[in-house]
Amino acid sequence: MNPRDSSSSSPSDRRLSALARHLSSPSAGGVGGGVSRSLASSSSFARGDSVFSHVARAPEDPILGVTVAFNKDPSPVKLNLGVGAYRTEEGKPLVLNVVRQAEQQLINDRARVKEYLPIVGLVEFNKLSAKLIFGADSPAILENRVTTVQCLSGTGSLRVGGEFLARHYHQHTIYIPKPTWGNHPKVFTLAGLSVKYYRYYDPATRGLDFQGLLEDLGSAPLGAVVLLHACAHNPTGVDPTIQQWEQIRQLIRSRRQLPFFDSAYQGFASGNLDADAQSIRSFVADGGECLVAQSYAKNMGLYGERVGALSIVCRTADVAGRVESQLKLVIRPMYSNPPIHGASIVAAILRDREMYNEWTIELKAMADRIISMRHQLFDALRARGTPGDWSHIIKQIGMFTFTGLNSQQVAFMTKEYHIYMTSDGRISMAGLSSKTVPHLADAIHAAVARAV
Amino acid sequence: MAAAVRAGVSGRILGRGSAVGARSMSSWWRSVEPAPKDPILGVTEAFLADPSPDKVNVGVGAYRDDNGKPVVLECVREAERRIAGNQNMEYLPMGGSVKMVEETLKLAYGEDSEFIKDKRIAAVQALSGTGACRLFADFQKRFSPDSQIYIPVPTWANHHNIWRDAHVPQRTYHYYHPESKGLDFAALMDDVKNAPNGSFFLLHACAHNPTGVDPSEDQWREISYQIKVKGHFPFFDMAYQGFASGDPERDAKAIRIFLEDGHAIGIAQSYAKNMGLYGQRVGCLSVLCEDEKQAIAVKSQLQQLARPMYSNPPVHGALVVSTILGDPELKSLWLKEVKVMADRIIGMRTALRENLEKLGSPLSWKHITEQIGMFCYSGMTPEQVDQLTKEYHIYLTRNGRIR
């Protein structure tokens, strides 16, 4: 009997012949006593034989690790100024009213199902997101030159964009500002790009190193990819002025470099959605191409729902169509299609005029509270006569302030005052309240004074 | 023409020199080829575009009720009612919802699993089954860089894409026997034996996709034995637990056999089908380690791979799962609903086979009831599939797989 002749032998015949071959084969382990008993005795999975025994424990993520440490601290006056998640005056997370409304709508709609979205995500969400960032009357949209795909928040949008560039763009280097969000280099490296830096922050002025930026982009290769924070630069809060943006645009276009915008704070920086999109829109207005990663984590408070979008503005509609088809090939083997819940909430809000207006009001309230915290902290430090110029606190924009404190000062503040922040001196203004500003001001004052 | 005028106008508004980069630039993407349509999801795209009122979509793997409508389980509706308005939407940890992961491990490894008690399992929430497989493939590439993955023939098409994008070399092993429309067991065992020691093997835990052909319990024991002898790494893709037989414990049998036999396994679990949470993208990747310390190390490295991909996984679907599995009443309702879905599919298989036999088809259709799970490998050729689509508006994948 031929063991391979599966159609004519019975199952037990096959099993017997297979077993016979195992038992007579020199590679077989223990013989006799049944299959499973011999396995136990010849078990090579005792100790020390895992294929992964060499795997070392990875260091804590520096940003998320701050929250881990904060949670462990029993002090009643502890303050978490680490992660960029908005907090109310009472120090609580905030779910926007308009989001709750949208959620209720979704629950009440019995016809709603949870089927797979297309690979590119919720189509209505994609269209509305493009309008939000580029403006409803954007020539690129009207000419169908934009492809927008739903991705997992800003991170996912950056990663998908980066992978697309690594496969289809002729230059595989991306220039990112120094400093930048800690996750940027890893995202682009894993996407297959190599990462270089351009000067951005000037510690002396705690402002923009504009000369350095122009020099570095000026000497970066023609055609290089350039990562730009659309507004509210993370972690410094330092943004170029409108005039400086115009110079940056001209330089980038003259060197045929490809701008990749990270827009994580639209509406959060100034309180105005259009103003915060101005840098991007000026690049699109010149007819050129660019990539934009959009996140709704902060401006709609949808953090954990992972809602975002990647847009690629192309020269023609035909190119945009082909680009979209290739984006799908990046996405399918990563997670097949994006999560439906958060995108449905965003679409419900953006498509409804009343809900959209309510959103802009709630958004402005969050932005205004942060601006107020900046002023309160600045005033508190001035009142204490804390040495140094602290005006950058009110000049910087968005959720974060780069205080200028060094890592020893930060460590001191954590140990003595239970203030949790990243060691680069970045604090999340959203984590402050009128009640806690004095405590932070005391801590900064003490940290600075002891260094003197 | 209008575009050029607009560019000129905006050039004047933005100042001199902004004409630079406008008309002089051509697209970076001229050479980008249009990508082929996804063989599975492309079927649904074509179906949606078809205006025929008689059209039927038996392509994509999503459950339908008797009226052909997608189903949201009652336990899911109830869980969402409880969640709405109560939860904030803060970031989950990088490893996802701890509660969801705990409950999910119990399903795969057993309620009273010693491995759970001893904290030997490194586990993270993942973006459904796809995301779990991709995370594992990336992890395999990083920590077993010289290894290759053996993938059954046939398999879910996206498996090939996943390990390719992770840059892990892939090979295939025999699985489906077209003549008998069953398992090519002897060839499978030969492939396991002939693979270099320490190869990685992708196994479908139950309800093989696309064939519906599963090894018997005895066959699983032999496969386990031979894999052990060769020191291979078994990675299970379990997308249909509960869906195959109607009983999640029974559907986990292959995994439990391997655990008894002392393998260090990896598992990708998905709630897309068995909880109907398709679009929520909820799943879990687990890797069984030697001890707690190693599990902590492996988990931390899995998180390092997730962070630059999406930072942390989506909260909503995970909350639905942990709400259901954490509540005895809801969990019991879920188990009932899963059984109903599985029974309906088994009923459909019987009905389809009977109908074909009644129509006097000269071919053998017994494989329809012998195969298991959501899919049936009809045995049709791509040309026969095209004919079905063109003349009868029936949409299925070109490999002849029917849902």
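A salt bridge is taken here as a side-chain nitrogen of Lys or Arg within 4 Å of a carboxyl oxygen of Asp or Glu. The model is a predicted one, in which local features need pLDDT of at least 70, side-chain atom pairs count only at pLDDT 80 or more, and totals for chains, interfaces and linings use all residues. Side-chain values use heavy atoms, with hydrogens and water left out, while residues are numbered from 1 along each chain as its sequence is written, and chains are lettered from A in the order in which they are written.

By that rule, 31 salt bridges turn up over all chains. In chain B, B:Arg256 pairs with B:Glu249, with 2.8 Å between the closest N and O atoms. B:Arg256 is buried at 15% relative accessible area (buried is under 20%, exposed over 50%, partly exposed in between, with a 1.4 Å probe and protein chains only).

Some bridges share partners: one network takes in A:Arg159, A:Glu163, A:Arg167, B:Arg134, B:Asp138, B:Arg164 and B:Asp165. Within chain B, B:Arg164 and B:Asp165 meet at 3.0 Å, N to O. B:Asp165 is buried at 9%, whereas B:Arg164 is partly exposed at 42%.

Over in chain A, A:Arg369 bridges to A:Glu89 at 3.1 Å, N to O. A:Arg369 sits in helix H15 (353-383) and A:Glu89 in the loop between strand E1 (79-80) and helix H4 (97-108), so this pair ties together parts 280 residues apart in sequence. Helices (H or I, at least four residues) and strands (E, at least two) are DSSP runs, numbered from the N terminus. A:Arg369 is buried at 12%, and A:Glu89 is partly exposed at 22%.
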